Amino acid sequence: MNGTGAGSASCRFAHYFVVCGVDTETGLEPDDGAGEGFEQSPIRRSFKSKVLVHYPENTDRNPFNKDAVNMLCMPRGLSFRTQADRLDPHFHSFTIAFDDGTRSYGFVHTFYEEVTSPQIITAMQTLYQMHHVEHHSSSSASMDSLASSLDESDAESLAGVPGCLGCSGSFDPARDTLYVSKALCLVTPLPFLQASRQFLAQLHQAVTSQTAPPLPLESYIHNILYEVPLPPPGRSLRFHGVQGPIVCQRPGPGELPLGEYLLGEAFSLLGVDNMVKLLTCALLETQVLLYSQDYQRLMTVAEGITTLLFPFQWQHIYLPIVSTPLHHLLDAPVPFLMGIQRRDGAQRSSLHLPHEANLCFVDIDNHCVEAPEDLPLFPDQTELIQELSEVLLHFGLEPQGGVITKPTTSSSSSSPRLSSLVLEDLMEDRRNGNLGGEELAVLERLQALARRCGGEKMSDGGKTLGHAFEEEEEELKAAKLNIQLREVFAVRFAAMFGRYEEFVIHSALDLDSWLSNREGTFSFDKGSFLSVQPATHLHFFSRFLETSMFSSFVDGKVISRWADREPLQLLFDSRLERERLYDTGEEDPRSCPYRKCTTLFESAHNIERRLLKADHTAIHPHLLDMRIGQGRHHPGYFPKLQADVEMGPNNMNRGWSSRVTTSSRRSEPKRSMVNDHSGADNELRQVPPCLHERTQTNTRKHTYARKLLRQSKLLDPSPQAVSQTHREFVDGLLSECRLKTKRMLMERMGKESVELGQGEANITGLQENTLIHGLCDLLERTWGHGLQMKQGKSALWSHLLHYQAAQQKTEAPAESPGQNTTRVFIQTMSEGLSEVGQARAWIHLALEKKMLSQHLKELLTNQELLRQLYKPHAFLLCEEEREQFLFHLLSLNTVDYLCFTRVFTSICIPYRVVIIPMKKLSIAMATVNPWVCVSGELGDSGVRQIPKNTQEIFFQCQNLGRLSTLQLGQENSGLLAKCLIDCVMVYNEITGHTYKFPCGRWLGKGVGDGSLERVLIGQLVSPGAEEDAGRWTGTPPELASPSQSVRMVLGSLGSRIQEDMREAANNLVKHFHKPEQERGNLTVLLCGEGGLVLSLEKFLLHGFKSNRLFQRNVFVWDFVEKAVVSMETADQMGDLHGSTLTRGPPCDSLCHYVNAINASPRNIGKEGKFQLFVCLGIRDRLLSQWLPLLADCPLTARTYEDGALLRDRAAVHSLSRILHTLNEFSITLETALVKGVDL
């Protein structure tokens, strides 16, 4: 007969009931994986437990994993006690993840049962005697010395006693009663924590009670397995345990998913600050390791954190309870969220953690969270902590944390036990809202009276009525606190990602094509998204956008074009749509104020309504068809259940048939409702039976296509499974390396060509840092996989030091000069870096030098060292995968990185500067006494005098960043002290970067423009050219000198010059419209090749009468000087009436600036003065006013041909408008450009 109230297994409240304990037939088996020594007393050792029974045998879609359930029910195996020990029962829970992404939850009530098996007692006695003999013999020396101080009778009596009476760990069957742990477990599809806890506690109370329960225990177990359905979404359900009613509820379609783990307890243990820090680590997918003596605390914190991630989901290893046989998973080179139990007296340093570079260690019992270095702050973290603190204070909890919560024993988990049926009904009527005003008042007075009088117990082992109400109120309070804390985070994520849909990229035509090109497809416009975020949030967002959980979330949005949306995403999107109804959309996200959650009361009210008034009632437990004599009550002993009754609903008493059938008919609409809503109900995260096969296929294909790890195999401690798991880790690392390097190359190479040298590539510095941070994390995880023993916080840096030591010990040739220089320099860096910081600096520097793959390859040549440091399954001992890994890293050499230069800004760098004169005139350098001043993004070197008769200088100074300008000058002003400089080369001796500063002009008096100082603009030399420049075997290609440029310009087409001018101005406009992190070097755009200065110089040289007024060399500055003199002279003589020029502020400023530049003590020559003139004019928004003045000056007609651009009113007006558009930008000039001019 299938007509039960619960329908199919997928709609039942519980899937399995399990009993774990000692198997008297196989006897005691030591638990070798527990990591305990034989020096411990057998009473304190762990022994293997077994699944004694589980019902039913299997269910559809959720097969029973006997080994995993046994391991999680009793993570430390069987525990023995005597009457001298505490025998308190305790409760914990666990979760099992399946390969399809679904989860089951297990709730375990562990208690101690007296051992009645003679074989077990005898075995324990034998083990204790063996231990005593061994312990006695091992300490014979100390015993001899002790005996010498005793008289003979005392020594004999001491030797005859096997153990002290009542001593911890002693056992004598003649005087001691032996107890062993037994676990009752309920496995459910949803985290019904409170209801499951109460049911198991009531079941145990019935076992320990002296009076038999109303029905055999089989009836209650059969009822919860087959007759109690899942409550419909948005409804509550009441069912009956052994001693009282139990209520569970389920959120509605528009509410947050079910989450009953006590967030209040997690916040009380760790505090608000630590919980926000821990959530940040989880969001950024660091490795999270929880540490506590209490298994339930591990689950509470783990489930609390994953619940707060909504709408995102943890995508990696999730094992809140890791027993000792699974500690090999701590080697996992992937993000994980795991929990391990703290042994009695164990210290944190005793843990074998292969690497901690990206580990968040959470010591729950000591209220401490150790986060990885450089963890960014959560967006609006201060305001969020303040809001969470207010919620906690409202419920009477301290935000600072560090509160010890009550232990998870039966005293805190039992439900109200009321012996009187009248009182029980009264309690149920109160829950259901069936009491009127008078009755409710009477009940409240009765409750107050019970509290006042101390509450006499209603029956043996039961609870006072006052205590019952207090527990009910505490449960309701915890549920309301849970939902309010979750709502605060849900509203925060809605504010952070409220416009995420605008940045999702839909590029594929159908699902199959999208899936086949998934790796090469960008589904989210990260750059645009980051550009609208507040600057203080960018560090967090840039890293979060690279996580698997965000990628999976975006993939779900793309997939929703062809398949049903995932439940969590559907809920999040619906909440965003609701928010938009009240949002004007006019606020800029970068300046939007923090908004608190406004739905706290509403969400808490929904929970309260469901818990206080049950919407549905399940079938009551009833008598089953059992043989006479079975189900007999033995106080203190859990009975052997009748298997044929518990295996299915087909063996019920025929007298109940009509009632069950009627009930099933009544519940049919509810079952359909469950099925209809289960696909949209968030906490299920399962594929319900009613969905179409195509949707199932698409969903599975999408969600799990990229997951290599089989979750079900992680709980298998067998050697074959462990080997297979680590094989999958190796494959995963190789795949991750391929994807990361590919992503880094696509970001750099795909967009560099667009800019053609004008500024940086289109990737922001922040995004680049994020990608490199991910690469550092990958290398640390790779080097930490399979380590024999903990070497330090950084596995990579420890390996480098081991390699160095091995090379020195064997007196073998040291590392390659490059690697040795890199490592030694990092070690001597004066930033006080940690091991992790040193490893990251080494990676950054090797990457910038294009030596990362080569250095790592050299590091891995010492096979003997590798075998000493690593286990056989380690990634670094897999030769083929290791070679592929290095090949992927080698591909990064095709692009240029300045990651070390820009990140480690406060270190001291050695530089080498070489002046290269024209080869045929190089002898002239002997007469010159030059100096240089190198400037970069981070500062300048100061003036450095080059020694006489040399062309180069070495010096050290604080990191200058990417070099931009170089001031080159000489102090000797004699007529013979002159030299034609080809270029200046600057070498960064640490990163290997070479910068070339082209000159092609004279330095000296009486030649060229007579300049004794020049400001040169630098460019980073490509690797091939860098190698050539370092040899100096030949003169680099000669640059056209300014005079040569002039001759070409004089005959140039005016249209081409105007086009160049527009292009130069347009580059400046584009520069300022980019996000600040994307902007390139402004000095290059002003003074470099194709910059504003050279373009304007070409404009003013067009049509110039070069041989009439001036001498051989033609310089624009000569014309500007003459024009200003002409204006000032005409003004003094009152001769301005003959022109359209009128004296005013623009004219005054032009004269003032030209005179100030001429009065400058710097000998920068005519070209340098014109460059300074243009830069100051554009900075102070005057250049667009000065150009018409120069065009209207009477001198212009005499100086320029009729067809010159400066005499073309339309051309001048057009150029003036172009320059005027630059006035809206705030331009900051480098110090090297304006030094010596006080304007």
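Does Ile-505 count as buried, partly exposed or exposed, and what is its relative accessibility? At 31% relative accessibility, Ile-505 counts as partly exposed; here buried means under 20% relative accessible area, exposed over 50%, and partly exposed in between (1.4 Å probe, protein chains only).

Before going on, note that this is a predicted model, where local features need pLDDT of at least 70 and side-chain atom pairs count only at pLDDT 80 or more, while totals for chains, interfaces and linings use all residues. Residues are numbered from 1 along each chain as its sequence is written, and side-chain values use heavy atoms, with hydrogens and water left out.

**The whole chain**

The protein chain has 45 helices and 24 strands; these are DSSP runs, numbered from the N terminus (helices: H or I, at least four residues; strands: E, at least two). Of its 1239 residues, 56% count as buried.

**Back to Ile-505**

You'll find Ile-505 in the loop between helix H14 (465-496) and helix H15 (511-516). Together with Phe-522 and Met-746, Ile-505 forms a nonpolar patch on the surface, with about 210 Å² of accessible area. Patch members have over 30% relative accessible area and no salt bridge; like charges are joined within 9 Å, and nonpolar side chains (Val, Leu, Ile, Met, Phe, Trp, Tyr) within 5 Å. The areas come from the Shrake-Rupley method with a 1.4 Å probe, and for residues only the protein chains shown count as cover.

**Salt bridges**

A search of the whole structure finds 40 salt bridges, each being a side-chain nitrogen of Lys or Arg within 4 Å of a carboxyl oxygen of Asp or Glu. Here are some of them:

| Pair | N to O distance |
|---|---|
| Arg-492 and Asp-380 | 3.4 Å |
| Glu-546 and Arg-743 | 2.4 Å |
| Arg-1014 and Glu-1167 | 3.9 Å |

**Two helices side by side**

Helix H36 (residues 1054-1073) and helix H44 (residues 1209-1220) pack at an angle of about 10°, with their axes 10 Å apart. Axes are lines fitted to C-alpha atoms, for helices over the stretch in contact, and angles run from 0 to 180 degrees between N-to-C directions.
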